[in-house]
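Please keep the sequence and the structure in view while reading.

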Amino acid sequence: MSFLKKSPWILHYAATSCNGCDIELLACLTPLYDVERFGIVNTGNPKHADIFLVTGSVNEESRKVVENLYAQMPDPKAVVAIGACALSGGIFRDAYNVYGGIDQVIPVDVYVPGCAARPESIIDGIVQALAILEERARDRKRQRKVVAS
Amino acid sequence: MNVEHWGLAVAFVVLGPLLGALLAGLDRRLTARMQSRQGPPLLQPIYDVLKLFEKDTVVVTELQTLYLWGFLFFMVISGFILFLGSDLLLSLFALTVSGIFLCLAAYSTNSPYSNIGSSRELLLMMAYEPMLIIVALGFFLVADSFRVSDIVAGSPWQVVQLFGILLGFLFILTIKLRKSPFDLSSSHHGHQELVKGITTDLSGSDLALVEIGHWYENTILLGWLYLFFAPWGVALALPIALVLFFAEVLVDNTHARLKWATTLKATWVVTGLFGVTNLMLLPLIT
Ligand code: SF4
């Protein structure tokens, strides 16, 4: 069993979101939802993070940051896109300045729909990301063995 | 130095981190309860560290890992000396050296966040180090020896004689445990102005070393606290030490972070007021 499942540390970045989804995301940390029950900690440091949670429709400015944060996270890692904006651009889709979706910029593993996404579905998204993370941890272990031999 | 002491010292090396991890886990649960949350499982810190070993380690410079091993090594040495019943002053110096190694590791990564983190850590060391020396001195004046085994076998009145020093020690314990209002260099809590301060650029197994070091440190600090009450026997002294230890959690949850200048001044004022005064009065009350 991988301990990644028991202690996923998350990194949250708002890539040009309206902050609606961010507030719902932070609500997960409050006493009502208390995600620390599952060992989930909001780190704010890409080098400590396992799961990258991104909200918003991404414009040129935030693209650089998203790519940079993603690159700084050590493997194994997973990405969860949260909210209609992060999935497809949402109501900003037709705006000239947005990329329209996190997957236009970095690979996304789990999509959490909603405008704003509800805390319950965000937690569910993270739990689904855990399964992916565990699989990656296994692959990574195999890769390390191959490199070592 | 008999078999019992050696046993205790070896037990510290093997079980010390486990006890430290339990203390950290209990700390997180208590914190959660104070915020009316349920909180993580008791063994969460252990899960965290085991997970960190599964992650890739991003290395900025090879030196950082070397320094971190230095940090861990001297931390273990410090605790080993303490639990062996040997020289308290030597244990204190090893603890300081270990702290310096952690700063060096953070400095070597060259990131501005780590740099500010380690500058603040050095500053905090300047703040609490005088008080730690006073604690050792106080014990020396009461027990007539720096040897931990002599202090443990000392007079039951020592905690009364050293009451001011105990208060001063509790004050700096907050700094040593990286609790608010003194968690300037690195905070347990996710968000702070410094990202993660001193550990910003450490990841994977490197970060795991830091965590294990902190577990040892928890045990060592509990040991220091225990020393004050040690002549009363384990059954009485250990619960008191534990209660005082976890009182820090309450302080952590009820205070906001201070600025560095205020921290330094406050610590030195407390050191002077309680530590030095107590030290000067000691000849009158022993
Ligand atoms: S999905 Fe809705 S709530 Fe979320 S960032 Fe976009 S507009 Fe705001």
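Predicted model: local features only at pLDDT ≥ 70, side-chain atom pairs only at ≥ 80, totals over all residues.

Helices and strands are here DSSP runs, of at least four residues in the case of helices (H or I) and at least two in the case of strands (E), and they are numbered from the N terminus. In these terms, A:Thr16 belongs to the loop between β1 and α1 (20–27) of chain A.

**Loop backbone in chain A**

- Most residues other than glycine have a negative phi, and most peptide bonds are trans.
- A:Thr16 has a phi near 60°, a positive value in a residue other than glycine, and with a relative accessibility of 31% this residue counts as partly exposed.
- A:Asp34 likewise has a positive phi, near 40°, and is not a glycine; it is found in the loop between α1 and β2 of chain A.
- Buried or exposed: which describes A:Asp34? With a relative accessible area of 2%, A:Asp34 is buried, since the cut-off for that class is under 20%.
- The peptide bond that joins A:Asp75 and A:Pro76 is cis, with omega at about -10°, and A:Pro76 has its place in the loop between α2 (60–72) and β4 of chain A.
- A cis peptide bond also joins A:Cys115 and A:Ala116, where omega is about -5°, and A:Ala116 lies in the loop between β5 and α4 of chain A.

**The sheet of chain A**

- Strands of a sheet pair through backbone hydrogen bonds, either parallel or antiparallel.
- In chain A, 5 strands form an open sheet with parallel pairing, and their order is β2-β1-β3-β4-β5.
- Which strands of chain A stand at the edges of the sheet? They are β2 (41–42) and β5 (110–112), each of which has a single partner strand, so that one side of each is left without a neighbour in the sheet.
- Strand β1 (residues 9–14) of chain A runs parallel to β3(A) and is joined to it by 5 bridges, with A:Ile10 standing opposite A:Ile51 in β3(A).
- On the way across the sheet, β3(A) and β4(A) also run parallel and are joined by 5 bridges, and here A:Phe52 stands opposite A:Val79 in β4(A).
- Strand β4 (residues 78–82) of chain A pairs in turn with β5(A), in the parallel sense and over 3 bridges; the bridge partner of A:Ile82 in β5(A) is A:Val112.

- Why can strand β3 (residues 51–55) of chain A be called largely enclosed by the rest of the structure? The reason is that 5 of the 5 residues of this strand are buried.
- A:Ile51, A:Leu53 and A:Thr55 point one way from β3(A), whereas A:Phe52 and A:Val54 point the other way, and all are buried.
- A:Leu130 lies in helix α4 (residues 119–148) of chain A and, at 10% relative accessibility, counts as buried.
- Leaving aside neighbours within four places in sequence, A:Leu130 is in contact with A:Ile51, as well as with A:Leu4, A:Lys5 and A:Pro8.
- A:Leu130 and A:Lys77 are 53 residues apart in sequence, and their C-alpha atoms are 9.5 Å apart in space.

**Chain B as a whole**

- Chain B has 11 helices and 0 strands, and its radius of gyration is 18 Å, close to the 19 Å that the globule rule gives for 286 residues, so chain B is as compact as a globular protein of that length.
- The C-alpha trace of chain B spans about 55 × 45 × 40 Å along its principal axes.
- Among the 286 residues of chain B, 56% count as buried, while the accessible surface of the chain comes to about 11800 Å², with 74% of it belonging to carbon and sulfur atoms.
- Of the contacts in chain B with a separation of 6 or more, 76% are between residues 24 or more positions apart.

**B:Gln158 in chain B**

- B:Gln158 lies in helix α7 (residues 158–161) of chain B and counts as buried, at 0% relative accessibility.
- Not counting residues up to four places away in sequence, B:Gln158 touches B:Phe139, B:Val142, B:Ile151, B:Leu227, B:Phe228 and B:Pro231.

Conventions
Residues numbered from 1 in each chain as written. Chains lettered and ligands numbered in written order. Heavy atoms only, no water. Rg over C-alpha atoms; globule rule 2.2 N^0.38 Å. Buried < 20%, exposed > 50% of the residue type's maximum accessible area, 1.4 Å probe, protein only. Contact = heavy atoms within 4.5 Å. Areas by Shrake-Rupley, 256 points an atom, 1.4 Å probe, with all protein chains shown as cover. Pairing = 2+ DSSP bridges.
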